[in-house]
Amino acid sequence: MSGWHLTPAQAHDYAARRSDEITAMSVEAHLMHCAPCRSLLPADESWLADSWASLRDVVDRPRRGPVETLLASVGLRAETAKLLAATPRLYQAWLVSTVVVLGAALLAAHLLPRGSLMFFFLAPVVPLVGVALAYGRGVDPAHTLASVTPMAGQRLLFLRTCAVLVPALLLCTGAALMLPHTTTAWDAVFWLLPSLTLVAGSLLLGHWIHLSAASGIVGVLWLAVLGLVSLSGQTVPVGVFAPQAQACWGAALAALVGLLLLRVRMA
């Protein structure tokens with residue numbers, strides 16, 4: 001204890017919010033341990049009672065948000081629903097951006113001669129961007145807190161990945177159904193295996209580097225390969241999605257998933 005105490009004038013200035021920032025911080029630190037100085041401040045007992053009641057209401061009886069309620073209603077356990085509902089805010093921005101990008105791709109497909117190529121380039125990348133924004137330091141303000149919980153690590157990573165993949169796959173499939181050349185169910189899911197392969201590749205690469213960086217590298221490689229194929233003029237990029245190529249994508253996806261499972265078992 002320094003022996004310093006508030007003067008009535010200082011207490012009056014603090015209560016009237018006329019103290020400068022540094023003085024106010026010093027006063028607040030002192031008031032925590034000095035009952036006589038606290039008695040110098042006027043107290044609104046009704047306001048204090050309402051404030052404590054509101055605080056207890058938030059801390060002791062947290063309310064479910066709409067997303068958490070929806071997830072719980074489909075059968076997810078309460079803790080899993082809460083964890084998925086706490087997906088970083090950037091995820092919401094990504095979801096809005098996804099709708100805008102897919103809308104632009106559809107417009108290009110209907111209005112431009114080779115506009116469908118925009119969808120071919122972007123559809124596999126959309127889920128990848130979502131995964132990059134779903135987990136990790138730098139994109140999740142609560143990552144430090146979440147990383148020390150019992151559910152942290154691989155389980156949290158895969159839960160967040162699923163939270164991103166489900167809406168991304170539904171949105172991309174819905175957009176593919178509206179492409180001008182779509183006539184069968186196959187035409188709406190031709191991008192699915194390449195997309196899942198890219199996501200699995202980023203998750204595996206994320207074992208050594210930050211997940212956002214891993215997703216960025218995989219996404220840039222994808223766009224670079226398609227760009228080079230387009231510029232070569234020897235093969236149209238659509239060939240990357242041809243039935244023959246799908247077998248290769250399936251084999252690559254199976255290999256990457258196997259490596260991911262092996263990594264989880266060894267962790």
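**Close-up views of a predicted model**

View 1. The classes are buried (under 20% relative accessible area), exposed (over 50%) and partly exposed (in between), with a 1.4 Å probe and protein chains only. Leu55 sits in helix α4, residues 45-60. Helices are DSSP runs of H or I with at least four residues, numbered from the N terminus. Together with Trp47, Leu48 and Trp52, Leu55 forms a nonpolar patch on the surface. The accessible area of the four together is about 450 Å², from the Shrake-Rupley method with a 1.4 Å probe, where only the protein chains shown count as cover for residues. Patch residues have over 30% relative accessible area and no salt bridge, and nonpolar side chains (Val, Leu, Ile, Met, Phe, Trp, Tyr) are joined within 5 Å. A salt bridge is a side-chain nitrogen of Lys or Arg within 4 Å of a carboxyl oxygen of Asp or Glu.

The model is predicted: local features need pLDDT of at least 70, side-chain atom pairs count only at pLDDT 80 or more, and totals for chains, interfaces and linings use all residues. Residues are numbered from 1 along each chain as its sequence is written, and side-chain values use heavy atoms, leaving out hydrogens and water.

**View 2. Helix α13 and its cover.**

**View 3. Aromatic pairs around Phe241.** The whole structure holds six aromatic pairs. Rings of Phe, Tyr and Trp (its six-membered ring) pair if their centres lie within 6.5 Å; planes under 30 degrees apart are stacked, over 60 edge-to-face, the rest tilted. Phe120 and Phe241 have ring centres 5.6 Å apart and planes at 45°, so this pair is tilted. Phe120 lies in helix α8 (residues 116-122) and Phe241 in the loop between α14 and α15, so the pair ties together parts 121 residues apart in sequence. Phe190 and Phe241 have ring centres 5.3 Å apart and planes at 85°, so that pair is edge-to-face. Phe190 is in the loop between α12 (185-188) and α13, 51 residues from Phe241.

**View 4. The aromatic cluster.** Phe119, Phe120, Phe190, Trp222, Phe241 and Trp249 form one cluster. Phe190 is buried at 6% relative accessibility. Phe241 is buried at 4%.

Key
Helix = DSSP H or I, 4+ residues; strand = E, 2+ residues; numbered from the N terminus. Patch = residues over 30% accessible without salt bridge, like charges linked within 9 Å, V, L, I, M, F, W, Y side chains within 5 Å.
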